[in-house]
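Subject: Structure for you to look at

Hello,

I am handing over the structure we talked about, and my notes follow it. Please have a look when you get a moment.

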Amino acid sequence: MEVKKTRIGTVVKHTGSHYLISELPLWDLHPVVIRGSLRLNGNATTNPIAVGDHVEYEMPLDLNGEISGIGSISKILPRKNYIIRKSTNLSHQAHIIAANIDLAYLVVTLEFPETKWPFIDRFLVTCQAYNVPVKILLNKIDLYGDSHRELINYFKEVYHDQAGYDIIEISATKGINIQQIKEECAKNNDNSTAKITLFSGVSGVGKSSLIRAIDPSIKLKTNSISSYHIQGKHTTTFYEMYKLGTGGFIIDTPGIRGFGLIDVEKEEISTYFPEMFHIMDKCRFQPCTHTHEPGCAVKQAVENGEISYERYKSYLGMLDEETKYR
Ligand code: GDP
Ligand code: ZN
């Protein structure tokens, strides 16, 4: 007779037909399938289970009590956070990229190529909205000479001094500050070693070079799988977790061009810009959209230069989009 034991593990990979689970910080992968009843649960998202999800699962044991065969997921445990994107611009369906993230690194470059600031803002707002701690990695610092110092300083003034984000200047190819990144990935603040770090950034910023610099043995995949639905072509990307030789676990997010806010009211958006959130209780009207209202503290701060005009413009763009697509 087959004996089963219920365990708790983390989803580390999703292939077409099954998931791989490991009990982090162990890296001992078990193949499991998802029960039909669970599959129906999250029909607002294209994937009911994401990489990083904590799940209850059962594995069949052989007569010697050893795990054998394919197990099944019986329950998805509550998520502490996640990163999500809209499947398409107009649909309300969402795809969960990863769950239970301890830290997200957004890799950016000011030039070669220039990361567009509205993209940075959209990523940061998504992290604020879904409770994901985030740091900015300013890569290719070896390429920036004195002529770039002013731009770097302005970037830091806006994103660190005003918005409060940690910024680390790095060079993936010259090894600058890579040791610090390795150490950060290895451990959580409470010293637990099952830390999950998400890496994101537009193509060309050096995200793969950075991951290679941290652990040359990792073979990144682009893991994009196309499937055809009756409604037409539909592309699903499955993300995957990797174990770092120097400690910790990472999730790469290849091919992400944009994020979407799901289930966010437009009145909430400004609360996800920390520098706006800190002063918005001083606006004369409550709630205030910080657009046309008189006595608006946010608009005043933009005029004084305490809030950057670029960030304010990103805010207006997001506000506009939420209004249009609703
Ligand atoms: P990805 O698309 O973000 O994964 O970017 P890649 O890792 O493929 O890097 C894109 C290009 O930038 C490659 O030619 C890399 O060699 C180069 N690159 C990446 N990091 C650095 C860096 O820190 N300094 C310099 N000078 N080049 C870099
Ligand atoms: Zn206001």
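A residue is called buried if its relative accessible area is under 20%, exposed if over 50%, and partly exposed in between, with a 1.4 Å probe and protein chains only. By that rule, 49% of the 326 residues of the chain are buried.

Some conventions before the rest. This is a predicted model, where local features need pLDDT of at least 70 and side-chain atom pairs count only at pLDDT 80 or more, while totals for chains, interfaces and linings use all residues. Residues are numbered from 1 along each chain as its sequence is written, chains are lettered from A and ligands numbered from 1 in the order in which they are written, and side-chain values use heavy atoms, with hydrogens and water left out.

**Confidence**
The average pLDDT (the predictor's confidence in each residue, from 0 to 100) is 88 for the chain, and 88% of the residues score at least 70. Residues 223-234 stay under 50, and the model gives them 20 contacts beyond four places in sequence; contact means heavy atoms within 4.5 Å. Where pLDDT is low, the predicted coordinates should not be read in detail.

**Overall fold**
The chain has 8 helices and 15 strands, taken as DSSP runs numbered from the N terminus (helices H or I, at least four residues; strands E, at least two). Of the contacts between residues at least 6 apart in sequence, 63% join residues at least 24 apart.

**Ligand 1**
Oxygen atoms of the ligand make polar contacts (here, pairs of N or O atoms within 3.5 Å): one is 3.1 Å from a side-chain N or O atom of S171, one is 2.9 Å from a polar backbone atom of A172, and one is 2.9 Å from a backbone N or O atom of G206. On its own, ligand 1 has 580 Å² of accessible area (Shrake-Rupley method, 1.4 Å probe), and the protein covers 68% of that.

**M318**
Which helix holds M318? M318 sits in helix 8, which spans residues 309-324. M318 counts as buried because its relative accessibility is 3%. Beyond its neighbours within four places in sequence, M318 is in contact with R122, V125, L261, I269 and F273. K266 is 52 residues from M318 in sequence, with 8.4 Å between their C-alpha atoms.

Best wishes

Definitions and conventions
Polar contact = N/O pair within 3.5 Å; in protein donor to acceptor, adjacent residues only side chain to side chain.
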